[in-house]
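This report describes the fold and selected side-chain contacts of one protein chain. The sequence and the three-dimensional structure are shown first.

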Amino acid sequence: MARYRGPVVKLMRREGLNLFLKNSHTLHKEKSSLEKRKYPPGLPPKKKGKITEYGAQLREKQKVKRAYGVLEKQFRRYFEEASHTPGIPGENLLQFLERRLDNVLYRMGFAVTRRQARNFVAHRHILVNGHRVDICSYRVNVGDKIEIREKFQKSTFIEENIKLAQAINRTASWVSVDYTKFSGEVTSLPTREHIDIPVKEQVIVELYSK
């Protein structure tokens, strides 16, 4: 499975935004580079150049790709499907990304980042409707039940993540979670209002529609 393996803080610096690619507690302890260096990776620019229309469109696309941890080829497939699905293409695109299994684990609070959630899925620690699933891009539907495999329930990662999720109450409203049973359920499909990434999805549609 192809994926980005480099430093994630650099990606967030490039976009000038916290994309929640790293545990927020760890990021705070490190005195985040996002606060110390408010410019893209590399040498500080001598002067701020003018952003072209294409440049603005590209940045919006990269922002979403990096937030959800998908590469270009897969992202384009999502866009193509979103374009041929009834509804608004940009919102369809974001909904498809939200319904990825790794993102659902993150939204339920079982993982502190989507990157960590992908690890849990890839290592076969996750059950969907009683069946083990190891495909991070698996798309959930309303009524799907997500569970942590019994042998992994006592993991330090899971215990700490649940405590943090309960403390900050960050479970998404379109899922329900029972932390005592290490499980959750998709109660409705996510809508545009549920997506907390500040992105102009219509700009991405314009980029791919050229």
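## Basis of the description

Two residues are in contact here if heavy atoms of the two lie within 4.5 Å. The structure is a predicted model, and every value below is computed from it.

## Overall composition

The secondary structure of the chain amounts to 10 helices and 5 strands. The chain has 210 residues, of which 44% count as buried. Among the contacts in the chain with a separation of 6 or more, 60% are made by residues 24 or more positions apart.

## Packing of helices α6 and α10

Two packed helices are described by the angle between their axes and the distance between the axes. Helix α6 spans residues 89-98 and helix α10 spans residues 201-208; their axes come within 8 Å and cross at roughly 105°. Angles of 65 to 115 degrees count as roughly perpendicular, and α6 is therefore roughly perpendicular to α10.

On the α6 side, the contact involves P89, G90, E91, L93 and L94, which meet E201, I204 and V205 in α10. By residue class, this contact of α6 with α10 divides into 5 nonpolar, 1 polar and 2 charged residues.

## Aromatic pairs

How many aromatic pairs does the structure hold? There are 5 aromatic pairs. One of them joins F75 and Y208 in a tilted arrangement, with 6.1 Å centre to centre and 35° between the planes. F75 belongs to helix α5 (residues 72-83) and Y208 to helix α10, so this pair ties together parts that are 133 residues apart in sequence. F75 is buried, its relative accessible area being 0%; Y208 is also buried, at 12%.

A second pair to be described is that of F110 and Y179. The ring centres are 5.6 Å apart and the planes stand at 80°, so the pair of F110 and Y179 is edge-to-face. F110 is located in the loop between α7 (101-108) and α8 (114-122), and Y179 in the loop between β4 (175-178) and β5 (183-186), so the pair connects parts that are 69 residues apart in sequence. Both residues are buried: F110 has a relative accessible area of 0%, and Y179 one of 14%.

## Charged groups over rings

Two arginine side chains are placed over aromatic rings. The charged end of R114 sits over the ring of Y68, at 4.6 Å from the ring centre. R139 lies over the face of F96, with a distance of 4.1 Å to the ring centre.

V70 is placed in the loop between α4 (53-68) and α5. Is V70 buried or exposed? V70 is buried, because its relative accessible area is 3% and the limit for buried residues is under 20%. Leaving aside residues up to four places away in sequence, V70 touches K65, F75, Y78, L97 and R100. The C-alpha atoms of V70 and S137 are 9.1 Å apart in space, while the two residues are 67 residues apart in sequence.

K145 lies in strand β3, which covers residues 145-148. K145 counts as partly exposed, with 39% relative accessibility. Residues up to four places away in sequence being left out, K145 touches L127, V128, N129, S183, G184 and E185. For L127, the separation from K145 is 8.0 Å between C-alpha atoms and 18 residues along the chain.

N129, among the contacts of K145, is found in the loop between β1 (126-128) and β2 (131-132). N129 has a positive phi of about 55° although it is not a glycine, and at 39% relative accessibility N129 counts as partly exposed. F182 likewise is not a glycine and has a positive phi of about 55°. The position of F182 is in the loop between β4 and β5, where Y179 also lies. F182 is buried, with a relative accessible area of 18%.

Notes: Residues are numbered from 1 along each chain as its sequence is written. This is a predicted model: local features need pLDDT of at least 70, side-chain atom pairs count only at pLDDT 80 or more; totals for chains, interfaces and linings use all residues. Side-chain values use heavy atoms; hydrogens and water are left out. Axes are lines fitted to C-alpha atoms, for helices over the stretch in contact, and angles run from 0 to 180 degrees between N-to-C directions. Helices (H or I, at least four residues) and strands (E, at least two) are DSSP runs, numbered from the N terminus. Angles under 35 degrees count as roughly parallel, over 145 as roughly antiparallel, 65 to 115 as roughly perpendicular and the rest as oblique. Ala, Val, Leu, Ile, Met, Phe, Trp, Tyr, Cys and Pro count as nonpolar, Asp, Glu, Lys and Arg as charged, and the others, Gly among them, as polar. Rings of Phe, Tyr and Trp (its six-membered ring) pair if their centres lie within 6.5 Å; planes under 30 degrees apart count as stacked, over 60 as edge-to-face and the rest as tilted. Buried means under 20% relative accessible area, exposed over 50%, partly exposed in between (1.4 Å probe, protein chains only). A charge sits over a ring if NZ of Lys or CZ of Arg is within 6 Å of the ring centre and within 35 degrees of the ring normal.
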